[in-house]
Amino acid sequence: MKSLEFAIKMELDGEKYYLEQAELRKGTVLEQVFTMLAEDEREHARLLELHAEKHEYEFTEGRAYSAFRSIFENASEFRLDEKEIPSQLDVYQHAIGFEDDAIKLYQELLAEAETEADKKLFKFLVEEEQRHKQVFQDIVEHLRKADQWVESAEFGLQEDY
């Protein structure tokens, strides 16, 4: 059960980190994304706690990824002050690393799982953390595309975004 305790702590640490990032980005669309990610991480901790205590629980897919997609469908809303980008990229890269660690942990727990309930829970959590990672990869891509923009389209094909 040490692994479950570690996983619960990791999820709660993730919740705390995302809430701190939401506070730093108060009044922006990123505040919403970080807040939803924090809610997802708290829900993951709750699922793990219920599982450890052998209580019944249901899986509900996190809201962060679908919310991210709808928030950023209109790319014109996604504007950031250029001087903020390097520090923001660091935050997003850190978050990707955090999600990678969570994915790795849950994949290991999935491989060690003995019961179907264990397997189902850890498979669900791997998928959830992969969606969280995708949120940050998409944000990084948006930021990098803005930074790499070529003024004249005649110099090559640009993918749509």
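1. Ground rules. Local features in this predicted model need pLDDT of at least 70, side-chain atom pairs count only at pLDDT 80 or more, and totals for chains, interfaces and linings use all residues. Residues are numbered from 1 along each chain as its sequence is written, and side-chain values use heavy atoms, with hydrogens and water left out.

2. Helix 2. Helices here are DSSP runs (H or I, at least four residues), numbered from the N terminus. Helix 2 has 24 residues and spans 35 Å from its first C-alpha to its last, close to the expected 34 Å (1.5 Å times one less than the number of residues).

3. K54, worth a look. Most residues other than glycine have a negative phi. K54 is not a glycine, yet has a positive phi of about 60°. This residue follows helix 2 and sits in the loop between helix 2 and helix 3. Is K54 buried or exposed? At 68% relative accessibility, K54 is exposed (over 50%; buried is under 20%, partly exposed in between, with a 1.4 Å probe and protein chains only).

4. Helix 1 against helix 2. The axes of helix 1 (residues 2-24) and helix 2 come within 8 Å and cross at roughly 165°. Helix 1 and helix 2 are therefore roughly antiparallel (an angle over 145 degrees).

5. Aromatic rings. There are 10 aromatic pairs in the structure, meaning Phe, Tyr or Trp rings (for Trp, the six-membered ring) with centres within 6.5 Å; planes under 30 degrees apart are stacked, over 60 edge-to-face and the rest tilted. The rings of F59 and F124 have centres 4.5 Å apart and planes at 35°, so this pair is tilted. Because F59 lies in the loop between helix 2 and helix 3 and F124 in helix 5 (residues 116-148), the pair ties together parts 65 residues apart in sequence. F59 is partly exposed at 26% relative accessible area, whereas F124 is buried at 10%. Elsewhere, Y17, Y18, F34, Y92, F98 and F136 form one aromatic cluster.

How values were computed. Helices (H or I, at least four residues) and strands (E, at least two) are DSSP runs, numbered from the N terminus. Axes are lines fitted to C-alpha atoms, for helices over the stretch in contact, and angles run from 0 to 180 degrees between N-to-C directions. Angles under 35 degrees count as roughly parallel, over 145 as roughly antiparallel, 65 to 115 as roughly perpendicular and the rest as oblique.
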